[in-house]
Amino acid sequence: MNKDKSSAYLSLFSIYIVWGTTYLAIRIGVEDLPPVLFAGLRWFIAGPIMFLFLAFRKYKLPTPNDIIHLSISGILMLGVGNGFVVFAEQYISSGLAALLITTTPFWMVGIESLLPGKSKPNLIVMLGIVVGLIGVILIFGSDFKELFKPENILGVVSILLAVIGWAGGTIYSKYKKVSIAPLMGAAVQMSIAGIVMTLFGISIGEIKAIQFSSEGLIAFFYLVAVGSWIGYGSYIYALNHLPVSLVSTYAYVNPVIALFLGWLILDEQITTSVIVAAIVIFAGVLLVKKGSENYTPQKN
């Protein structure tokens, strides 16, 4: 296994862990900060700091053409994708949000399969995606009834818009290649999405609703440092070196990590059914990995 592939798998593993912790941080944050500004300021701070750090390290700077492509993918993923997740968590539980977000692999693989000239997902990959989804349903199946409650409709629709935006932005980012390193690309995406979302939040009057609490600030800066720099940077790097179907399995593993952390830190109970579900999910991930073994990454 070459160095790039090893680093890509390490990046995927970090996504599994890091983004499994962010559901709770988002839920805490939106209790104090309005959703658009909460999401926008996160990227507005994380992006420029990362950009300046990489520029200082002599990373190649983006061309105007790069900025156009990174703007589109960044706004789709971080503006539409992450923004609507933050908005939705004002109205629905994190369990229901996690259940809906696990449809992400289907959207990613489906959109990719529609692209001209791209290979279609094989049977093993599709089987792995279905097995992974079954595992998540075993954990959050009781949340299905929440889908049909009138008070949850806005949150459910927001999550579905988020998933479609994230999947579309991911595919666009993968196949619209730019001339800069993946981490620099991530920094530009975060910066542009952060500017757009922050300006939008200010324009709709959210600045008046800002409140500060110690818990909200901790959640916010955790999302900046860990969720953005480590999590999103790892996501873009993995996406450049691994197949979309494999990278998308983070949506299945994150809920398992969140439940495990609840057991480890908050002394929450883990039942036998959760353990069985986790085994099913990881079996699905292994099937996707097996079906993706002949993948060759696109070159810039």
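1. Helix H7 covers residues 123-140 of this predicted model. Helices here are DSSP runs (H or I, at least four residues), numbered from the N terminus. The expected span is 1.5 Å times one less than the number of residues. For the 18 residues of H7 that gives 26 Å, and the end C-alpha atoms lie 26 Å apart, so the two values agree.

2. Within H7, Val-125, Gly-128, Ile-129, Val-131, Gly-132, Leu-133, Gly-135, Val-136, Ile-139 and Phe-140 are buried; the term denotes under 20% relative accessible area with a 1.4 Å probe, protein chains only. At the start of the helix, a side-chain oxygen of Asn-122 comes to within 3.1 Å of the backbone nitrogen of Ile-124.

3. Two packed helices are described by the angle between their axes and the distance between the axes. For H2 (residues 22-29) and H10 (residues 214-241), the axes come within 8 Å and cross at roughly 140°. H2 is therefore oblique to H10, a class that holds the angles left over after under 35 degrees (roughly parallel), over 145 (roughly antiparallel) and 65 to 115 (roughly perpendicular). The axes are lines fitted to C-alpha atoms over the stretch in contact, with angles from 0 to 180 degrees between N-to-C directions.

4. On the H2 side, the contact (heavy atoms within 4.5 Å) involves Thr-22, Ala-25, Ile-26, Ile-28 and Gly-29. H10 contributes Glu-215, Gly-216, Ala-219, Tyr-222, Leu-223 and Gly-227.

5. Asn-240 also belongs to H10. Its relative accessible area is 16%, so Asn-240 counts as buried. The side chains of Asn-240 and Lys-177 form a polar contact of 3.4 Å; such a contact is a pair of N or O atoms within 3.5 Å, in which, within protein, one must be able to donate a hydrogen and the other to accept it, and residues adjacent in sequence count only if both atoms are side-chain atoms.

6. Thr-198 lies in helix H9 (residues 182-203) and is buried, at a relative accessible area of 8%. Its side chain reaches the backbone oxygen of Gly-194 at 2.7 Å. Neighbours within four places in sequence aside, Thr-198 is in contact with Leu-37, Gly-40, Leu-41 and Phe-44.

7. Val-86, in helix H4 (residues 64-88), is buried with a relative accessible area of 2%. Not counting residues up to four places away in sequence, Val-86 touches Ile-26, Val-30, Pro-35, Phe-38 and Ala-39.

8. On provenance, residues are numbered from 1 along each chain as its sequence is written, and side-chain values use heavy atoms, with hydrogens and water left out. The model is predicted: local features need pLDDT of at least 70 and side-chain atom pairs count only at pLDDT 80 or more, whereas totals for chains, interfaces and linings use all residues.

Note on methods:
Helices (H or I, at least four residues) and strands (E, at least two) are DSSP runs, numbered from the N terminus. Buried means under 20% relative accessible area, exposed over 50%, partly exposed in between (1.4 Å probe, protein chains only).
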